[in-house]
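Good morning, colleagues. Please look at the sequence and the fold on the screen while I take you through selected local features.

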Amino acid sequence: MNLKILLLCSFVCLVSIHGKAVTNSADPSTVYAVTWNVGEENPPKQNSLRELLGQISSSDVNPDIVIVGLQEVTMNLAKAAKNAVVGDKWTEEIDKLLKNNNDYHKVHSESLVGLLLNVYVKIKYKDAITEKKANVVKTGFKGTVGNKGAVILKYKLNNRWYCIVNSHLPAHDDKVEDRIDDYKIINKERGKLCNTASDYMFWLGDLNFRLDEKLDDKTIREKINQRKFDELLKQDQLKVNKETQEIFTNFKEKEITFPPTFKLEKGKGTYSSQRRPAWTDRVLYKSETAKTITPTLYSSIQNYKESDHYPVQAQFFIKQQ
């Protein structure tokens, strides 16, 4: 009798261990996010989108979750309305690469005029998504127009909540208060949509924060050439206001080690004389449930020169503890 009990206990333990292994292997562990203000340009013809979408390895090594946030897909309201009905060229090309080989399932696509948010998971996680909901937030012209604002998506995968924001905040050096105000409006709406504590939250976009207005253009360019990014970033509007907890409270951002991503001469990748260079394009993250999010990559992608912005990519290891 004791032997039977012992064998039964051993069997239960083995099933339990096996069950845990299956559960763990079924959980996503890598998240890739990319943001790019595409400046109303079409998807690149000469350049493959593989690097942009984080598809540079074999299918089993490529990220489990891919987040694509674009801005200024179009700034034409009529074209935006048409895109909303028949689809846009960017989503079509991205889908071709991620979905056609049956590698990824699209969780959702959401747009607001020029803003576009597409989120994909590897096909094996398709049936693990049990809930999802999206919203748009207009902040242009006092909330009446969607030329600025955000698209927000929340979804539940393996009982973990994900909340993703792609935003485009007001431009120009002197509009820092407007950027802060728009952030607060968007964050309030994010809280309403993502009303359950988010295990994994990612906020990306053309946030348009500039360097302090006291920094002259010549000094900025000299320090870029000397790769003294740390000295410039001490006067980065996003970092300064984040440190005072005015914006992005409890969000984290991996150390920036790449040059400013704006403003570039289209097709050349050199800085325009029309604006002071700035790190306008950012990816931030946090967990509201003390989950571990470890950034493993944060960089601009300088192979893409079609726009007056460089894309910014980030990758994370997420722990499902």
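Predicted model: local features only at pLDDT ≥ 70, side-chain atom pairs only at ≥ 80, totals over all residues.

Ser111 has Leu116 in strand E4 as its bridge partner. Strand E3 (104–112) and strand E4 (residues 115–122) run antiparallel and are joined by 8 bridges. Strands are said to pair if DSSP finds at least two bridges between them. Helices and strands here are DSSP runs, helices (H or I) of at least four residues and strands (E) of at least two, numbered from the N terminus. E3 and E4 make a hairpin with 2 residues between them, and Val113 in the turn has a positive phi of about 50°.

Residues are numbered from 1 along each chain as its sequence is written, and side-chain values use heavy atoms, with hydrogens and water left out.

Asp103 is found in the loop between helix H3 (89–99) and E3. Is Asp103 buried, partly exposed or exposed? At 28% relative accessibility, Asp103 counts as partly exposed; buried means under 20% relative accessible area, exposed over 50%, and partly exposed in between, with a 1.4 Å probe and protein chains only. Leaving aside residues up to four places away in sequence, Asp103 touches Ser59, Leu98, Val121, Lys122 and Ile123, where contact means heavy atoms within 4.5 Å.

Next, helix H2 (residues 77–86). Its N-terminal end is capped by Asn76, with a side-chain oxygen 2.9 Å from the backbone nitrogen of Ala78. A polar contact is a pair of N or O atoms within 3.5 Å; within protein, one must be able to donate a hydrogen and the other to accept it, and residues adjacent in sequence count only if both atoms are side-chain atoms. After H2 comes Gly87, whose phi is positive, near 100°.

I turn to strand E8 (residues 200–206). Why may E8 be called largely enclosed by the rest of the structure? The reason is that 7 of its 7 residues are buried. In a regular strand the side chains alternate between the two faces of the sheet. From E8, Tyr200, Phe202, Leu204 and Asp206 point one way, while Met201, Trp203 and Gly205 point the other way, and all are buried. E8 pairs with strand E7 (residues 160–168) in the parallel sense over 7 bridges; Ser167 stands opposite Gly205 in E8.

Now the empty space. Rolling a probe the size of a water molecule over the atoms shows where empty space is left. On a 1 Å grid over the protein atoms alone, a cavity is a set of points where a 1.4 Å probe fits but cannot get out, and a pocket is an open set with protein on both sides within 12 Å along at least five of seven lines; lining residues have an atom within 4 Å of a point. Grid points are joined across faces, edges and corners, and a volume is the space filled by probe spheres set on the points.

The largest pocket has a volume of about 360 Å³. Its lining has 16 residues, of which Thr139, Gly140, Phe141, Pro170 and Asp182 lie nearest the centre. Strand E5 (129–140), strand E6 (145–157) and helix H4 (176–193) each give two or more residues to this lining, and H4 provides the largest share, 4 residues.

The structure holds 1 cavity of 30 Å³ or more. The largest cavity contains about 40 Å³ of space, and among the residues lining it are Lys154, Trp161, Cys194 and Ser198. E7 gives the most to this lining, with 3 residues.

Finally, some backbone features. Most residues other than glycine have a negative phi, and most peptide bonds are trans. Asn208, in the loop between E8 and helix H5 (217–225), has a positive phi of about 65° and counts as buried at 3% relative accessibility. Arg227, in the loop between H5 and helix H6 (229–233), has a positive phi near 55°, but counts as exposed at 53% relative accessibility. A cis peptide bond joins Phe262 and Lys263, with omega about -5°. Ser272 counts as buried, at 1% relative accessibility, and its side chain reaches the backbone nitrogen of Gln274 at 3.0 Å.
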